[in-house]
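Colleague: I would like to learn how to read the pockets of a model, and then the helix and the overall fold that go with them. Could we take these features in turn?

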Amino acid sequence: MVTNCIYAADIMPLLERNAYKEIRPLLTAERQKKADRFIFEKDRLLCAAAGLLLDTALNENAVENRRICVGENGKPYLDGNAELQFNISHSKHLAVCAVSDRCVGIDAEVLQHFEDGLIDYICCKSESDYIKSQSEPDTRDILCTKLWTVKESTMKYFGTGLTLAPKEITIDMSGSEIKAACSRFDLSALSFTVIRHNNYFVTVCSGYKEFSDKLRFITLPHGI
């Protein structure tokens with residue numbers, strides 16, 4: 001099985017030629033419905049790309065039953081296939097899909113500026129104080145973007161979404177290894193793999209200390 005792998009796609013080439021109508025027939029009926037709900041071409045292409053990355057992973061793992069179910073908190077999973085678990089994310093022009101034989105959460109975020117109010121919203125006091133102590137604005141934005149992907153990947157690991165408030169997850173990034181804690185969940189067995197690709201941060205939350213730290217870029221769409 002091709003597990004502990006992060007599939008990725010850059011939708012910019014698709015966006016430049018308004019390719020959504022071109023690739024829509026390659027999507028599952030459910031993915032078509034989901035992508036069609038978006039107004040803007042970029043969002044439709046991101047949704048489509050995430051679905052095609054998942055299809056690539058399922059093809060490589062020879063998965064026949066591809067029925068996607070949704071858990072109690074909205075996290076998708078493969079019906080009757082606990083051996084292959086996945087999670088997807090996208091930001092700006094990047095779509096990613098993490099595949100593992102264990103529960104996994106992934107988040108991708110493009111580097112962005114964080115005002116003090118947003119820092120205070122997502123960070124507990126110790127995190128906020130640490131970030132605001134940085135004198136360089138770029139350093140603050142890098143730390144915030146990275147921290148947000150760690151928190152979001154944790155939410156996606158448990159499938160809670162924002163019902164788990166960002167401040168409920170406390171992150172210590174001062175050392176070589178990221179440490180996280182949460183009042184609602186035991187995070188002691190979880191590890192975080194953070195990848196920086198150009199202006200993007202991608203973080204995987206999993207039970208593996210050494211999850212893949214490479215993005216495997218797939219040229220989309222296949223067969224066109």
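Modeller: Let us begin with the term itself: on a 1 Å grid over the protein atoms alone, a pocket is an open set of points where a 1.4 Å probe fits, with protein on both sides within 12 Å along at least five of seven lines, and lining residues have an atom within 4 Å of a point. This is a predicted model, in which local features need pLDDT of at least 70, side-chain atom pairs count only at pLDDT 80 or more, and totals for chains, interfaces and linings use all residues. Residues are numbered from 1 along each chain as its sequence is written, and side-chain values use heavy atoms, with hydrogens and water left out.

Colleague: Which residues lie nearest the centre of the second largest pocket?

Modeller: They are Gly74, Lys75, Lys156, Gly159 and Gly161, out of 13 lining residues. Helices (H or I, at least four residues) and strands (E, at least two) are DSSP runs, numbered from the N terminus, and α7 supplies the largest share of this lining, three residues. A volume is the space filled by probe spheres set on the grid points, which are joined across faces, edges and corners, and here it is about 160 Å³.

Colleague: What volume does the largest pocket have, and how many residues line it?

Modeller: The largest pocket holds about 620 Å³ of space, and 23 residues line it, with Arg31, Lys34, Ile68, Pro76 and Ile88 nearest its centre. Two or more lining residues come from each of α3 (29–36), α4 (41–60), β2 (68–70), β4 (85–91) and α7 (137–158), and α4 gives the most, six residues.

Colleague: How does the span of α7 compare with what its 22 residues should give?

Modeller: The expected span of a helix is 1.5 Å times one less than its number of residues. For the 22 residues of α7 this comes to 32 Å, and the end C-alpha atoms are 32 Å apart, which agrees. Just after α7, Gly159 takes a positive phi of about 75°.

Colleague: Why can α7 be called largely enclosed by the rest of the structure?

Modeller: Buried means under 20% relative accessible area, with a 1.4 Å probe and protein chains only. Because 16 of the 22 residues of α7 are buried, the helix is largely enclosed by the rest of the structure. In the protein chain, buried residues make up 49% of the 224 residues.

Colleague: How many helices and strands does the protein chain have?

Modeller: The protein chain has seven helices and 11 strands, and its C-alpha trace spans about 50 × 40 × 30 Å along the principal axes.

Notes. Buried means under 20% relative accessible area, exposed over 50%, partly exposed in between (1.4 Å probe, protein chains only).
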